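Work through the exercises below with the sequence and the 3D structure open, and try each task before reading its solution.

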Amino acid sequence: MIQAQLKPRKCRVCPTRFTPMRPFQTWCSVPCGSVLAEQKLEKKKKADAKVERRVDRAKRESLKPRNKWLAEAKVAIQKFRRLEELAKGRGCMSCGRSQQEVMGSDSWTPGGFWDGGHFLSKGARPELALEPLNIWLQCKTCNAGGGKYARKGYTVNASFEANLIACEGQELVDWLKGPHPTKHYETSELQEIKTKYAALCRAVEKARV
C-alpha cells in the first residue's frame, strides 16, 4: 500500500516550509527539532515547579497555627474595608478629612495614607475583631492615635464615634457597643474568612482599574 504524501507545513521554529516525513512532525530539521525538544522540556520543568510550589504551600498552610490564620483573616478584612470605603469616596471616619485633603497634606508612608481602623479596639473587644462594621477608613495619623486633626474638645475616639453616628446612625453604634458573645473561630472558619475577603479585595481592586 502506497502511503499518501503529507502536505507541506510551516516549521514551528523557523519560517521554513517543509514536507514532513511523519504526520506529527512539526520541525523542518534536526536543529529545529532540538529547539522544540528543549522548549518542551522547559515547559515541563515549569509545570513541575508550579505543582511543587502548590504542594509546598499546602503543606505550609497545613502546619500554620490557628493564631496565624486569625491574624491573616484580620488583615484581609481590614484591607477589604479600607478598599471598599476608598472606592465609595469616603474620608477619614475620625477627623472627617476627605481623601483629597489627607493625600494632599499628609506624608506618604510605605503603608500608604490609609488604614482600616477599628471603632472598638481589637484588644478591648476581641469578639468584634473580625466584624466588618467595626472597621472604617482612617488616615494614618488618626489610627496611630494622634489628635492633630481631631475636632476641638474631642479625642480621636470621640470624634470617630460622632462621625460614625452622623454617617451610619446611632443604632449601629449602639449595636457595636454590645454586648456580644465571645467568639472562638475554628481554623477552617478562619481559612474561609481569609479566602472570602481576599477575593473581595481582588474584586474591588479590579473594579477600580
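**Exercise 1. Decide whether Asp48 is buried, partly exposed or exposed, and find its salt-bridge partner.**

Step 1: Asp48 has a relative accessible area of 41%, so it counts as partly exposed, where buried means under 20%, exposed over 50% and partly exposed in between, with a 1.4 Å probe and protein chains only.

Step 2: The partner is Lys44, whose side chain meets that of Asp48 in a salt bridge of 2.9 Å, N to O; the term requires a side-chain nitrogen of Lys or Arg within 4 Å of a carboxyl oxygen of Asp or Glu.

Step 3: Because Asp48 and Lys44 are 4 residues apart in helix H1, about one helical turn separates them; helices (H or I, at least four residues) and strands (E, at least two) are DSSP runs, numbered from the N terminus.

A note on the source: this is a predicted model, in which local features need pLDDT of at least 70 and side-chain atom pairs count only at pLDDT 80 or more, while totals for chains, interfaces and linings use all residues. Residues are numbered from 1 along each chain as its sequence is written, and side-chain values use heavy atoms, with hydrogens and water left out.

**Exercise 2. State how confident the prediction is, and where confidence is lowest and highest.**

Step 1: The chain averages a pLDDT of 90, and 94% of the residues score at least 70; pLDDT is the predictor's confidence in each residue, from 0 to 100.

Step 2: Confidence is lowest in helix H1 (residues 30–63), with a mean of 89, and highest in helix H6 (residues 170–176), at 96.

**Exercise 3. Follow the salt-bridge network that includes Arg81 and Glu168.**

Step 1: Arg81 and Glu84 form a salt bridge, with their closest N and O atoms 2.5 Å apart, and they lie 3 residues apart in helix H2 (residues 66–87).

Step 2: Arg81 is buried at 4% relative accessible area, whereas Glu84, at 22%, is partly exposed.

Step 3: Arg90 forms a salt bridge with Glu168, at 2.6 Å between the closest N and O atoms. This pair links distant parts of the chain, 78 residues apart, with Arg90 in the loop between H2 and helix H3 (99–105) and Glu168 in helix H5 (residues 156–168).

Step 4: The network links Arg81, Glu84, Glu85, Lys88, Arg90 and Glu168.

**Exercise 4. Explain why strand E3 is largely enclosed by the rest of the structure.**

Step 1: In strand E3 (residues 114–118), 5 of the 5 residues are buried, which is why the strand is largely enclosed.

Step 2: Trp114, Gly116 and His118 point one way from E3, and Asp115 and Gly117 the other way.
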